[in-house]
Amino acid sequence: MLKRHICIHAHFYQPPRENAWLEDVERQDSAYPYHDWNERITAECYARNAASRILNNEGWIEAIVNNYARISFNLGPTLMAWLAVHAPDVHEAILEADRQSLKIYDGHGSALAQAYNHMIMPLANDRDKRTQVRWGIADFVHRFKRRPEGMWLPETAVDIASLEALAAEGIAFTILAPHQAGRVRPLPVGKDGKGGGDDGGDQDWRDVSNSDIDITMPYAQKLPSGRSINLFFYDGPISRAVAFEGILNSGETFAGRLMDGFVDRDGPQLVHIATDGESYGHHHSHGDMALAYALHTIAENDAVELINYSAFLERYPPTHEVQIIENTSWSCVHGIERWRGDCGCNSGGYPQWNQQWRAPLRQSLDWLRDALAPDFEKQAATDLKDPWAARDDYIEVVLDRSDESLGRFLSRHATRQPDLIDIRRVSRLLEIQRQALLMYTSCGWFFDELSGLETVQVIQYAGRAIQLGGEVLEPGFLDILQQARSNIPDIGDGRKIYDNFVRPAMVDLYKVAAHWAISSLFESYEDKTVIYCYQVDRRAYRSGDAGRAKLAAGVIVVTSLITRETAEVDFGALHMGDHNINCGIRPHADGDTDEAFVREAFDAFDIADFPEVIRTLDRHFPEHRSSLTTLFRDEQRAVLAQILQATLEIIEGNYRQIYNNHAPLIRFLKTANNPTPKSLYIAGEVVINRELEAAFQAPELDMEAIDGLLSEARLAGIALDDKTLEYTFRKRLEADAHRMLSKTDGIRAMDELMAGLKLADALPFPVEVAKVQDICGRTRTLLYDKMAEQAESGDALAWRDSFQALCEKLNLRIIPRD
């Protein structure tokens with residue numbers, strides 16, 4: 001058996017970006033052309049590692065491989081939850097990789113669990129440590145259908161109590177940085193000849209606190225409880241080279257560096273590294289391919305063996321004991337001060353800034369956590385046998401929000417029959433605790449500025465907990481948060497950030513009702529609609545049109561799918577054209593009051609007396625008034641697009657007329673090296689980019705028209721909107737590739753895809769075709785051999801020939817299966 005082994009660990013994680021009230025990520029313009037940063041990084045990294053390319057010397061794709069199957073990895077539970085909904089193919093590829101790794105590595109899966117929401121564990125109280133570990137394990141079991149053997153500690157931040165929390169739940173090992181080891185000594189030899197005897201013996205400890213620990217072996221950390229946990233200390237220099245020194249520019253260089261990492265000693269050795277998984281594709285373009293090639297190169301070398309941590313532990317249990325340096329991490333040279341003080345660690349973009357805000361931010365959250373706990377214990381004790389044990393199990397409800405899941409949970413934890421308890425109160429109390437955990441997500445302290453997205457996100461979680469608790473704790477919380485000062489004078493302090501960024505984001509059932517009412521003016525809803533984590537049931541609805549104006553009124557019931565709280569609501573909504581929207585909301589009023597509003601409003605609307613309609617709304621809805629700004633961000637964008645469509649068509653028509661009338665002049669100015677007047681240039685820029693975008697989206701590609709537009713842009717010196725045009729054309733190619741699998745449309749789709757790929761070669765910007773290659777790779781696996789065997793028939797022969805030509809165009813080798 002080989003005794004030289006290599007393991008690459010990747011920690012995949014994204015800061016939670018979900019709106020705390022909607023439980024989903026809203027549009028993030030900075031991620032354009034993608035919807036949000038999760039989507040963008042998935043395209044650049046998570047999806048790429050599920051289908052990475054190995055190229056031969058001629059640049060042809062020899063294989064498309066799932067990197068996750070050969071490495072050790074963990075994905076944060078909150079990221080996995082997002083992938084399950086928004087990128088289910090990637091989510092499934094990751095699960096399948098773990099199943100493959102069980103076969104590759106002696107029955108040991110490569111996936112590790114993670115402490116649930118990336119909380120800095122040494123800074124957590126014991127209760128939160130336990131919940132973080134239990135939730136991380138439960139989420140892992142829910143997805144991977146097995147118990148985890150290892151668990152990643154966020155930022156590798158560690159203390160003895162955190163290791164106790166892992167060991168108490170049966171976690172066998174975790175991974176740390178070499179500078180987190182304090183001292184080591186050999187374990188006494190047991191009866192089996194291996195390390196692990198009962199007594200520590202008189203062996204002297206050796207100090208390794210300057211990172212000179214032998215990283216090629218595992219270590220046992222004995223714990224005060226009598227338990228122990230295994231620790232791996234990754235290779236620091238090689239890990240830094242991956243993250244910061246460009247080693248991923250060459251897969252061959254990467255593999256060579258790993259294989260050169262063994263030390264001069266006898267016995268089994270494990271060279272292993274740990275980095276952010278986003279290094280492989282997001283931070284370093286094509287880093288996934290460097291990883292794939294390195295894994296391939298190592299697997300082909302008979303002198304070494306790829307392995308994962310669990311398999312190595314089973315073969316080679318620890319022969320040495322270690323004592324860690326507590327309150328240390330991999331990303332703060334000052335220990336864990338980055339998450340509670342102005343230690344000097346930051347992203348480096350603003351050297352004149354300080355991070356003195358970190359301490360009062362943590363103090364405010366600690367105060368809120370401790371203020372919420374007694375009320376939780378007191379109120380929940382009425383309905384739950386052990387409120388804190390119930391919180392530990394509440395992850396099962398978070399993973400499955402169905403009534404059946406909640407019923408199973410209550411059958412275990414309720415003090416009496418579930419139908420006799422206040423389910424809404426129990427759900428609200430447990431949600432307060434979930435938000436109180438989420439507000440400690442480490443990213444809130446990691447970066448430079450109090451008003452940064454990640455920091456506002458954790459304050460949002462605190463705001464949600466406060467709102468669910470009835471807002472009585474808000475003044476005390478803000479008194480402490482106010483002590484946190486922004487580096488940006490106009491931003492001010494934590495209180496102002498709460499008022500300006502958190503409070504406007506807050507949602508209640510009436511705001512959801514207003515959103516539904518306004519958006520119903522622009523789209524048709526079914527009787528039952530889910531809007532984010534709320535369900536809206538339509539009880540009554542009436543609408544009318546008068547030219548560009550529209551009036552809607554009715555009764556709806558809004559239910560939170562999280563807390564089960566409901567509100568029956570009357571509404572009236574008036575759109576007078578453009579962006580002028582007036583909406584009123586109130587608790588449902590039975591009988592004459594409701595009928596009076598509908599009668600008065602529609603009587604005025606029918607004669608186009610819009611001022612009277614507004615006055616009617618004012619009389620009947622004096623408290624809750626809303627406008628277009630009430631809509632949630634994505635729906636607001638969609639509604640504005642509808643409102644602006646006619647206006648933009650007029651503007652674009654005017655620009656088109658201006659440009660068409662002056663195109664020869666613009667070309668002459670360019671040829672004569674004279675500047676084009678800005679007004680003429682803008683007209684050309686708008687017209688050419690818009691017409692190209694429309695041409696890319698047309699049912700059939702008009703090659704002649706597209707070529708003419710590209711020539712016009714070149715002759716007139718018009719800059720193309722590469723980002724928008726590339727993304728639009730890429731999505732078209734991917735849609736054609738999916739159609740290729742159709743039994744009735746496959747050959748035509750391949751022909752259109754081939755035409756599109758030829759056009760992509762002629763475009764003045766590169767088009768990403770990785771997903772097209774992925775689809776063709778899957779098609780090769782699913783259909784090619786079958787079609788090749790049937791090639792005597794006309795259709796099968798045509799399909800085979802078209803597919804072979806397509807693969808050649810994509811530099812994808814066809815390798816028939818045996």
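The model is predicted: local features need pLDDT of at least 70, side-chain atom pairs count only at pLDDT 80 or more, and totals for chains, interfaces and linings use all residues. Residues are numbered from 1 along each chain as its sequence is written, and side-chain values use heavy atoms, with hydrogens and water left out.

Asn49 sits in helix H1 (residues 37-50). Helices (H or I, at least four residues) and strands (E, at least two) are DSSP runs, numbered from the N terminus. Contact means heavy atoms within 4.5 Å. Beyond four places in sequence, the contacts of Asn49 include Phe12, Val65, Tyr68, Asp288 and Leu291. Tyr280 is also among them. Its backbone oxygen lies 2.8 Å from a polar atom of the Asn49 side chain.

An open sheet of six strands has the order E7-E11-E10-E14-E8-E9, with mixed pairing. Strands E7 (173-176) and E9 (206-207) are the edges, each pairing on one side only. Pairing requires at least two DSSP bridges between two strands. Strands E10 (residues 219-222) and E14 (residues 320-324) pair in the parallel sense over two bridges. Tyr219 stands opposite His320 in E14.

Helix H24 (residues 703-716) has 14 residues. Just after H24, Gly717 takes a positive phi of about 70 degrees.

Methods
The expected span of a helix is 1.5 Å times one less than its number of residues. A polar contact is a pair of N or O atoms within 3.5 Å; within protein, one must be able to donate a hydrogen and the other to accept it, and residues adjacent in sequence count only if both atoms are side-chain atoms.
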